[in-house]
Amino acid sequence: MTEKVRRRDQRSLLSSTALHTTLVLASVVAVFPVAWVVLTSLKTDRGTWTRPDELGTLGLDNYVQVFGQTQFLTWFVNSLIVASATTVFAVLIAATAGYAASRMRFPGKRPLMWSFLITQMFPAAVLIVPLYNVLSELGLLDSYGGLVLASSTVAVPYCAWMLKGYFDTIPVSIDEAGRVDGLSPFGTFWRLIVPLAKPGIAVTVFYSFITAWGEVAFAGVFMQSEAHYTLPVGMATFVSDFKAEWGLLTAGSVVVLVPSAIVFFLVQRHLVAGLTAGGVKS
C-alpha cells in the first residue's frame with residue numbers, strides 16, 4: 001500500500017511539474033510579443049531596433065514624438081468616437097434583434113437570422129466595394145457615421161446570434177410576469193431581460209469595441225482625409241516604402257492597448273458567463 005501511495009505521489013508531482021512548465025511556456029509565448037513591442041518603443045537608437053541583443057539607450061523620446069509631432073491624438077479621438085458609437089449602435093440593434101428572434105414569431109424570422117450568419121462568411125475585402133457605393137450615394141464617405149455603419153455590418157450579425165443564444169436561456173415566464181404587471185414588450189425587454197442578460201451583453205460590448213477599435217480595411221478606404229484617419233490607418237503612415245519609424249509605430253501600439261485593456265477589465269467578470277451561457281441553447 002505504501003508503494004502505491006509513493007507511486008501516486010510521484011505521478012502527481014510529475015503531472016504538476018509538467019502542467020506548471022506548460023503554463024509558464026504558454027505565458028512566455030503570450031507575453032513575449034507585447035514585451036518586444038514595449039522594449040522597442042523605448043529604444044531611442046535607430047540602429048538597435050532590429051538588433052534584439054542590443055538595448056542601446058532607453059527613453060521616452062518616441063512617445064514624446066508621437067504625441068507632440070504627429071496627429072496621433074486626433075487619430076486616437078477619431079478611433080474612440082467610431083469605436084464607442086459602433087459599440088452602442090451595434091449592441092442596441094443586436095440586442096433588440098436577438099430578443100425578437102428569441103421570443104417572437106414573425107414572417108422572415110429564419111431568413112433574417114440566416115442572413116446574419118451568411119454575412120459573417122464574407123471577408124471584408126468583398127464588402128468594401130458595395131459598401132463604398134452605398135455610402136457614396138448617402139454622402140457618408142469620409143464621415144464618422146459612414147464608418148460606424150460599415151463597422152456595424154461586421155459587429156451586428158455576430159452579436160445578434162450571440163444574444164439570441166443568451167436570451168434563449170432566460171425563462172419565458174419572466175416575460176409573462178412582465179406582461180401581467182402591465183409592461184409593454186419593450187418595457188419587459190428593457191426592465192427585466194436586459195438586467196438578466198448583462199453577461200451576454202458584456203461579451204457583445206467587448207467584441208464590438210475591439211472590432212471597431214482595430215478595424216483597418218473599411219477605415220483605410222472610407223476615411224479619405226488625414227484629419228479623419230483612425231489609429232490603424234494613421235499609424236500605418238509611420239512605415240512605408242521610403243521610411244520605417246519603428247519607434248513611433250511601437251510607441252503608438254503601446255498606447256493603443258490601453259483603451260482595449262480598460263474595456264476588458266470593465267467587462268471581464270461577465271465574459272466567461274456570457275460566452276458559456278450563450279452557447280447552451282440556439
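## A buried aromatic pair

Y99 counts as buried, since its relative accessibility is 7%, and the model in which this value was computed is a predicted one. F167 is likewise counted as buried, at 0% relative accessibility.

The count of aromatic pairs comes to 16. In the pair formed by Y99 and F167, the ring centres are 5.8 Å apart and the planes stand at 90 degrees, so the arrangement is edge-to-face. Because Y99 belongs to helix 3 and F167 to helix 6, this pair ties together parts that are 68 residues apart in sequence.

F186 and F189 form a tilted aromatic pair, with 6.1 Å from centre to centre and 50 degrees between the planes. Both residues lie in helix 8 (residues 185-196), where they are three residues apart, about one turn of the helix.

The side chain of D168 is joined to that of S102 by a polar contact of 2.6 Å.

## The nonpolar cores

The largest nonpolar core holds 33 residues, of which F72, L147, W213, F218, F222 and L231 touch the most other members. Two or more residues each are given to this core by several helices, including helix 2 (61-69), helix 3 (72-103), helix 6 (144-168) and helix 9 (198-213), while the largest share, six residues, comes from helix 12. Apart from this core lies another one, of 22 residues, among them A101, L163, I193 and V194.

Leaving aside neighbours within four places in sequence, F72 is in contact with V66, F67, L231, M235, G252 and V255. F72 also belongs to a cluster in which ring pairs link F67, F72, F76, F209 and W213.

## Annotated transmembrane regions

In an unreviewed UniProt entry, the annotation "transmembrane region" covers residues 12-39, 75-100, 112-132, 144-163, 201-224 and 244-267. Over residues 12-39 the chain of the model is 100% helix and 0% strand, with the end C-alpha atoms 39 Å apart. Over residues 201-224 the chain is 79% helix and 0% strand, and there the end C-alpha atoms are 33 Å apart.

Methods: Residues are numbered from 1 along each chain as its sequence is written. This is a predicted model: local features need pLDDT of at least 70, side-chain atom pairs count only at pLDDT 80 or more; totals for chains, interfaces and linings use all residues. Side-chain values use heavy atoms; hydrogens and water are left out. UniProt positions are given in the numbering used here, feature names are shortened, and annotations may be inferred rather than shown by experiment. Helices (H or I, at least four residues) and strands (E, at least two) are DSSP runs, numbered from the N terminus. A nonpolar core is a set of buried Ala, Val, Leu, Ile, Met, Phe, Trp, Tyr and Cys residues joined through side-chain atoms within 4.5 Å. Buried means under 20% relative accessible area, exposed over 50%, partly exposed in between (1.4 Å probe, protein chains only). Contact means heavy atoms within 4.5 Å. A polar contact is a pair of N or O atoms within 3.5 Å; within protein, one must be able to donate a hydrogen and the other to accept it, and residues adjacent in sequence count only if both atoms are side-chain atoms. Rings of Phe, Tyr and Trp (its six-membered ring) pair if their centres lie within 6.5 Å; planes under 30 degrees apart count as stacked, over 60 as edge-to-face and the rest as tilted.
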